[in-house]
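Here is the note you asked for on this model, arranged as numbered points so that each can be checked against the coordinates in turn.

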Amino acid sequence: MKKFLILIMGLLVLSAWKNKSLEQKTAGILQTDYTRYVNPFIGTSKMGHTYPGATAPFGMVQVSPQTNFVPMFKADGSYNPETYEYCAGYQYRDSTIIGFAHTNFSGTGHSDLGDFLMMPTTGDLVLEPLKTANGGKGFYSAFSHNNEEASPGYYKVLLDDYGITAELTASDRVGFHRYTFPDSDSAHIILDMVYNVYHYKNKNVWTFIRVENDSLITGYRQTKGWARTRKVFFAMQFSKPFKSYGHKKYDSIIYDGFYRHFDQRENFPEMAGKNIRAYFNFNTREGEQIKVKMALSSVSTEGALKNLEAEIPHWDFEKTKTETREKWNKELSKIEVETMTEADKITFYTALYHTLLSPIIYEDVDGRYRGLDQNIHTSDGFTNYTIFSLWDTYRALHPLFNIIQPRRNNDMIKSMLAHYDQSVHHMLPVWSHYANENWCMIGYHAVSVIADAMACNVGDFEQKHALQAAISTANVGYFDGLGDYIKYHYVPDDQSHSSVSKTLELAYDDWCIAQMAKRLGDKKTEKEFLERSQYYHNVFDPKTGFMRPKLSDGTFRKDFDPLDTHGQGFIEGNAWNYGLYVPQNIDELIRLMGGKEHFSRHLDSLFTMELADKYFEKTEDITRDGIIGNYVHGNEPGQHIPYLYNWAGKPYKTQKRVRMIMETMYGPSVDGLCGNDDTGQMSAWYIFSALGFYPVTPGSGYYALGSPLVKEAVIHLENGKTLHIIAKNQSKENVYVNRVILNGKVLQGFLLSYRDIINGGEIVFEMSNKPR
C-alpha cells in the first residue's frame with residue numbers, strides 16, 4: 001500500500017517539474033538530458049528536509065523559496081519543535097511563500113543559513129513577512145503547486161497575491177532572479193535581512209548595506225547561530241534602476257552617533273543595524289521583467305562583485321539557466337542507468353542529484369576564502385569546500401565521491417586539512433560550515449574520509465600531514481568524552497552522554513588511523529590505534545548480548561532498556577541497532593554475539609519486531625516513516641546493517657532486505673525520503689545499493705555485495721575507463737543473486753574491491769527469484 005501511495009503521489013508531482021525531451025541535439029551530437037529524471041521536490045515533505053530551489057553542482061548559492069518563518073524558541077524561551085520541519089526553509093504542505101533565500105542546507109537535522117531573503121510584491125508596501133504589528137497581512141503570497149516547477153538549476157512559481165511570476169537560476173556563486181510583474185506604479189523588491197532559518201531574537205549580530213548607485217547594492221550580515229561567527233557578503237544588482245528605496249530597523253537603538261543628524265529611513269545610501277528590512281521601489285508595465293543578480297562571498301563585497309562579474313556579467317537569464325543545466329548533465333551522466341520502471345529512474349537520478357549538492361564551494365573566483373581562524377586565506381592547489389556533515393557522510397557519500405568525484409574528494413580532504421591547520425584546537429573538522437566548527441554529533445570522522453581515500457589511492461594530499469592531523473585530533477582530551485575514552489578505554493556513561501555510541505564510533509575512527517599509519521609504515525602509531533580500535537569490547541555485556549552503557553567504576557548501568565533511543569547511551573539509535581556498529585571487525589562482533597546463526601536470528605528479529613512509539617518519541621530525528629520493525633533506515637547509525645548478513649553466511653538475506661528497503665523507503669514523490677537526507681548520505685546509500693554494493697567499512701577499500709535494483713549501469717570514471725554493471729534476469733521478483741561474474745570470472749566471496757571498480761570492466765549479477 002505504501003509503495004502504491006508513493007507512486008500515486010509521484011505522478012501528481014511529475015507535472016510540477018520541467019520535462020524536456022529525453023534527447024536533445026547539441027552541436028550535432030545526440031545527448032541524453034538527465035535532468036528530466038530529477039525531481040527536486042522529492043524529500044521536501046516531512047523529514048527529508050531538502051529544498052526545491054536552484055543551484056549548481058556543489059554550488060555556493062542555493063536560491064530557494066521559503067514557505068514559513070518559524071522561530072527557534074517559543075515566547076517562554078523553550079525550544080520550538082516546529083522549527084525542525086524548516087531546516088531547508090521549505091515544506092511542501094505549505095501554501096504560502098515569504099521569499100527566496102540564497103543559502104540553504106540540504107537534508108540536515110539541525111540548521112542555519114537562509115541568508116538574504118528577497119521577495120517581489122505590488123501594492124501598499126508591507127515589510128513584515130507573516131503579519132504586521134496591527135495584525136494585518138504580511139508580504140507573503142499564496143501559491144499553488146500547480147503553478148510551481150523545479151528542475152536542476154531552475155525554479156519557477158506564480159505568486160498569486162501579486163500576479164508575479166518568479167523564476168530562479170544560479171551559477172556557482174551567483175543567484176539569478178527573473179520577476180515578471182503586472183502593470184503597477186507600486187512594485188517593490190524587498191530584501192529581508194532579518195530572516196534566518198533557525199532564527200532567534202539575537203541571532204543577527206550586525207547587518208550593513210550600501211546603495212552604490214541606482215541599481216547596485218552591496219553589504220554583509222554576521223550571524224551567531226549553529227555557526228557561532230558567520231559572515232556572508234553580497235553584491236546585488238538590478239536590471240532596472242529603482243525609483244526610490246528605504247529600510248526599516250527592528251532594533252532598540254541606544255546610540256547611533258552623529259548618524260542621528262540624518263533621516264536614514266528613506267533614500268539614505270547606508271543602512272546598518274542588527275535587524276533590517278530594505279525595499280526598492282519600481283514602476284512596471286504589464287509583463288515587464290525585472291532581473292536581479294545576487295552574488296555571495298565569504299571574504300568581502302569586493303569578492304562578491306568579482307564573483308558577479310566573472311560568472312554572470314550579462315542579463316541573459318536563459319543563458320545561465322542553460323549553462324547550469326549543462327553542468328548538471330555533465331555530473332549526472334557519470335552514471336548511466338537502465339531501470340525497470342520510470343519511477344525507479346526518477347528516484348535514482350534524484351538521489352544522485354542530492355549527493356551533488358554538498359559539500360559546497362567556499363571560495364571566491366580568485367581562490368580567497370574565510371578560514372576557521374576568521375582570517376582570509378587563498379587556496380593553493382585545491383578548491384576550498386565547506387559543509388562537512390561528517391558523522392553522516394563518511395559512511396557512503398565520501399566513498400561514493402572516491403568513485404565518481406575523486407578530484408573533488410581530494411579537494412575536500414585538502415579543505416579539511418586546511419581546517420586543521422587553522423584550528424586552535426589542532427583538530428580536523430567534526431561538523432563544519434562557513435568557516436566555523438559547530439561540534440555537532442560525535443567522533444572525528446574526517447579520519448575515515450581520509451583513510452578511505454588513502455585505501456583507494458585517491459588524491460595527492462600530503463598523507464604524512466594527514467596522519468599527524470588525525471593523531472592530533474584523536475588526542476584532544478577535552479573533546480566530548482575523548483579524555484575519558486583514552487583514560488578508561490571506553491566512555492563512561494556517568495561522565496558523558498551517548499557514551500556507547502561514542503565508544504563505538506571512536507573505536508572505528510581509531511582503526512582508520514591505524515590503517516593510515518600502516519600505509520605509511522608507522523608501526524608504533526598503527527599498534528597504538530589498533531589497540532584503541534578494540535575498545536568496543538569494553539561496552540559489550542555478555543549477559544544481555546548488547547552493547548551497554550558502563551559507569552566509571554567499571555560496572556554496567558542498571559536501568560538499561562535496549563529498545564529505548566533516549567538516554568540509554570546511544571544517540572539517534574538504541575542498543576538493538578546502534579550496538580551493531582563495529583565495521584572494523586564484524587567477525588569479532590558476530591563471535592561476541594554468539595556466532596553466525598545467533599547473529600543472523602538477531603538481525604531477523606531487528607527487522608520483524610515491533611518498536612513502540614514510546615521508544616523514539618523523544619528523538620526528533622527518528623519517525624515511524626523511516627522504521628522497519630526496529631531497524632531505523634531514516635537515520636545513519638544502522639544503514640550498514642542489512643549488509644551484515646553477508647558476514648553471517650546469509651547473503652540472500654542481505655539481498656532481500658536491501659531490495660525491500662529501496663522499494664519502501666525511497667520513491668519519486670515529495671515524501672520519497674524516509675528521513676533527513678543529511679547532505680546526501682541517505683541518497684548515497686540508495687545509489688550504492690541500486691548499483692549492487694555498499695561500503696560497510698570505509699577505509700578498507702572493499703564493498704559488500706547486495707542486490708542491484710538497476711537493470712544496467714555504466715559508470716564513467718575520471719581515469720577514462722568505464723564500469724559496466726549488468727543485472728541478468730532482473731525483475732521485481734528476482735531479488736536474489738545466484739552469482740557475480742567480474743570480467744568473465746566468478747567472484748568468490750561477498751566483497752568487491754575498489755580496484756575492481758576503478759579499473760573498469762564488467763560486473764554481471766545473475767538474478768533469481770530463489771535464494772542460493
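1. Basis of the values. This is a predicted model, in which local features need pLDDT of at least 70 and side-chain atom pairs count only at pLDDT 80 or more, whereas totals for chains, interfaces and linings use all residues. Residues are numbered from 1 along each chain as its sequence is written, and side-chain values use heavy atoms, with hydrogens and water left out.

2. Helix H14. Helices (H or I, at least four residues) and strands (E, at least two) are DSSP runs, numbered from the N terminus. Helix H14 covers residues 596-608, and its 13 residues should span 18 Å at 1.5 Å a residue, which agrees with the 18 Å between its end C-alpha atoms; the expected span is 1.5 Å times one less than the number of residues.

3. The buried face of H14. Buried means under 20% relative accessible area, exposed over 50%, and partly exposed in between (1.4 Å probe, protein chains only). In H14, the buried residues are Phe-599, Ser-600, His-602, Leu-603, Leu-606 and Phe-607. Seen down the axis of H14, these buried residues fall within an arc of 155°, so they line one face of the helix; the arc is that of the directions from the helix axis to the C-beta atoms. The buried residues of H14 pack against strand E30 (546-547), helix H13 (586-592), strand E31 (627-628), strand E32 (631-632) and helix H15 (651-665), where contact means heavy atoms within 4.5 Å.

4. Helix H16. Helix H16 (residues 681-691) is mostly covered, with eleven of its eleven residues buried; among them are Trp-685, Tyr-686 and Phe-688. Just after H16, Gly-692 takes a positive phi of about 110°.

5. The three-stranded sheet. Three strands form an open sheet in the order E33-E34-E39, with antiparallel pairing; the edge strands are E33 (693-694) and E39 (751-753), each of which pairs on one side only. Two strands pair if DSSP finds at least two bridges between them. E33 and E34 are joined in the antiparallel sense over two bridges, and Phe-693 has Leu-705 in E34 as its bridge partner. Strand E34 (residues 702-705) and E39 pair, also antiparallel, over three bridges; Tyr-703 stands opposite Leu-752 in E39, and the bridge partner of Ala-704 in E39 is Leu-751. Strands of a sheet pair through backbone hydrogen bonds, either parallel or antiparallel.

6. Cavities. On a 1 Å grid over the protein atoms alone, a cavity is a set of points where a 1.4 Å probe fits but cannot get out, and a pocket is an open set with protein on both sides within 12 Å along at least five of seven lines, with lining residues having an atom within 4 Å of a point. Grid points are joined across faces, edges and corners, and a volume is the space filled by probe spheres set on the points. By this rule the count is ten cavities of 30 Å³ or more, and the largest cavity holds about 160 Å³ of space. It is lined by 17 residues, of which Asn-384, Tyr-385, Ser-415, His-419 and Ala-435 lie nearest its centre. The elements giving two or more residues to this lining are strand E23 (368-370), strand E25 (385-386), helix H7 (406-422) and strand E27 (431-433), and the largest share, four residues, comes from H7.

7. The largest pocket. The largest pocket has a volume of about 670 Å³, and of the 27 residues that line it, Tyr-250, Asp-251, Ser-252, Lys-274 and Asn-275 are the closest to its centre. Strand E14 (204-211) and E18 each supply at least two lining residues, and E18 gives the most, with four. E18 has a covered face of Met-271 and Gly-273 and an uncovered one of Glu-270 and Ala-272. In a regular strand the side chains alternate between the two faces of the sheet.

8. Two loop residues. Thr-83 lies in the loop between strand E4 (62-66) and strand E5 (96-97) and is buried, with a relative accessible area of 1%. Not counting residues up to four places away in sequence, Thr-83 touches Val-70, Pro-71, Met-72 and Tyr-198. Phe-262 is placed in the loop between strand E17 (244-249) and strand E18 (270-273), and at 47% relative accessibility Phe-262 counts as partly exposed.
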